[in-house]
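Please read the following report beside the sequence and the model, which are shown first.

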Amino acid sequence: MTNDLISTARAGLSRPATVIAAAPGRVNLIGEHIDYCDGFVMPFAIDRYIVIAAAKNNSTQARLSSAGLPDALIDLSVPQMISEPHWSNYVRGVIDGFQKLGHEIPGFDACFASSVPGGAGLSSSAALECATATLLEGLLGISLTKKQKALLCQKAEHDFAKVPCGIMDQFASTFGEENRLVMIDCQSEEVTLVPFENPDLAVIIANTNVHHQLSDGGYAIRRRHTEEALAAIGHASWRTVTMADVENHGDALGDLVKRRARHVVTEIARTQAAAEALAAGDFLQLGRLMDASHISLRDDFEVSCTELDLMVSIAQQIGRAGGVLGARMTGGGFGGSTVTLCENAQAESIITTMRTAYREATQIEPEIFSSRPSRGAHLVLPG
Ligand code: GLA
């Protein structure tokens, strides 16, 4: 994490900070749109953070500021409600979670600084929630378990941002560690930190800088389709559903919902295969599984878009010869970012090629960078 971000957050506060919290965004290598289907996911925390510098202010109000965003005032003496400005709702939701645990939150001033691109499918909202929860731990002098904290933040997203998300983003932001993937079994909610430190490999994140309006409703609709499919198939969990089950219920599901179901079943299998490939050090296979995941998200789950498909295909056309092992869209979709697994030695030239080709085809300037797995939410001060 850059010290610049910490300095920016400190500088925006009118008094010396006594607590500073940081939480990262995430990228997902594989296991997309199956965290709410009892699947497995394989994200990691990226080296992009939201940092909050804060100090108590002897009042019953939280006074929040962030460069470029409207200030927010939150009354801590009453139950929390959705309010303006929009960005404050992530903070309100987390405050609500702590209050419901019985904590009395002291008034504080806080300044937020971020290097997580917003609306890019890299979980800036989870970073904001997890940074806020970590800040409140620091202000209250308490610690939740990582799981408790991640689930509290997920609930904030459900109740205050009205997005019925799964557990992946908040778990990745909370459990992330340097050089580790955060493999999550979304049925048992168990986390396994999987080493990912091969210096010959790099992960490139390419933000297309488009965010289609469909995104908000589209996510909830996809989730509903999977619930309808599971009910029609008659299983308690996707974990036991096979492609034969999907085929056998084809008539009841109808073409559209059947394709949604096929994505879920095949993506769970791909993610399990990816874990095996990783354990065997077979990165070529991991790359092939990422390519296949994109096709499934594009054709069966229909959460990709022209710009994501283009960015993925630019990377895939560079191919093995140019050091690319695999590429896919990452996150919720309908815009946002792609993730490319590649040889570290070629990463810079791959980034240049992707940027130039995407810009020429779309006239849109993308944001492309590589990131290694990084540390999850933590207190910078007191350290
Ligand atoms: C968003 C949600 C996650 C997950 C992904 C898709 O990021 O917040 O819970 O469902 O989309 O994999």
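## Helix α5

The buried residues of α5 are M168, D169, Q170, F171, A172, S173, T174 and F175. Helices (H or I, at least four residues) and strands (E, at least two) are DSSP runs, numbered from the N terminus.

This is a predicted model, in which local features need pLDDT of at least 70 and side-chain atom pairs count only at pLDDT 80 or more, whereas totals for chains, interfaces and linings use all residues. Residues are numbered from 1 along each chain as its sequence is written, and side-chain values use heavy atoms, with hydrogens and water left out.

## Strand β3 and its partners

Strand β1 (residues 19–28) runs antiparallel to β3 and is joined to it by nine bridges, where two strands pair if DSSP finds at least two bridges between them. Within this pairing, P24 stands opposite Y49 of β3.

β3 also pairs with strand β6 (residues 108–114), again in the antiparallel sense, over seven bridges. Here A54 has A110 in β6 as its bridge partner. In a regular strand the side chains alternate between the two faces of the sheet.

## Aromatic and charge–ring contacts

A pair of aromatic rings is described by the distance of the centres and the angle of the planes. Rings of Phe, Tyr and Trp (its six-membered ring) pair if their centres lie within 6.5 Å, and planes under 30 degrees apart count as stacked, over 60 as edge-to-face and the rest as tilted. By this rule the count comes to four aromatic pairs. One of them is F44 with F196, a stacked pair at 6.3 Å centre to centre with 25° between the planes. This pair links distant parts of the chain, since F44 belongs to strand β3 and F196 to the loop between β8 (190–195) and β9 (201–211), 152 residues apart. Both F44 and F196 are buried.

The rings of F171 and F175 have their centres 5.4 Å apart and their planes at 20°, so this pair is stacked. F171 and F175 both lie in helix α5 (residues 168–175), four residues apart, about one turn of the helix. F171 is buried with a relative accessible area of 1%, and F175 also counts as buried, at 15% relative accessibility. In a contact of another kind, the charged end of R48 sits over the ring of F369, 3.9 Å from its centre; the rule requires NZ of Lys or CZ of Arg within 6 Å of the ring centre and within 35 degrees of the ring normal.

## Backbone geometry

Most residues other than glycine have a negative phi, and most peptide bonds are trans. The peptide bond from E84 to P85 is cis, with omega near -15°, and P85 is placed in the loop between β5 (69–75) and α2 (88–100). The peptide bond from L381 to P382 is cis, with omega near -15°, and P382 is in the segment after β13 (378–381).

E189, a residue other than glycine, has a positive phi near 60°; E189 is in the loop between β7 (180–185) and β8 and counts as partly exposed at 24% relative accessibility. Q363 likewise has a positive phi, of about 65°, although it is not a glycine. Q363 lies in the loop between α11 (347–362) and β12 (367–370), and is exposed, with a relative accessible area of 68%.

## Pocket and cavity

On a 1 Å grid over the protein atoms alone, a cavity is a set of points where a 1.4 Å probe fits but cannot get out, and a pocket is an open set with protein on both sides within 12 Å along at least five of seven lines; lining residues have an atom within 4 Å of a point. The largest pocket has a volume of about 1200 Å³. Of the 46 residues that line the largest pocket, Y90, G119, S123, S124 and S125 are the closest to its centre. The largest share of this lining, four residues, comes from β6.

The structure holds one cavity of 30 Å³ or more, and about 40 Å³ of space lies in the largest cavity. Its lining consists of F196, L201, A202, V203, S371, R372 and P373.

Notes
Buried < 20%, exposed > 50% of the residue type's maximum accessible area, 1.4 Å probe, protein only. Points joined across faces, edges and corners; volume = space filled by probe spheres on them.
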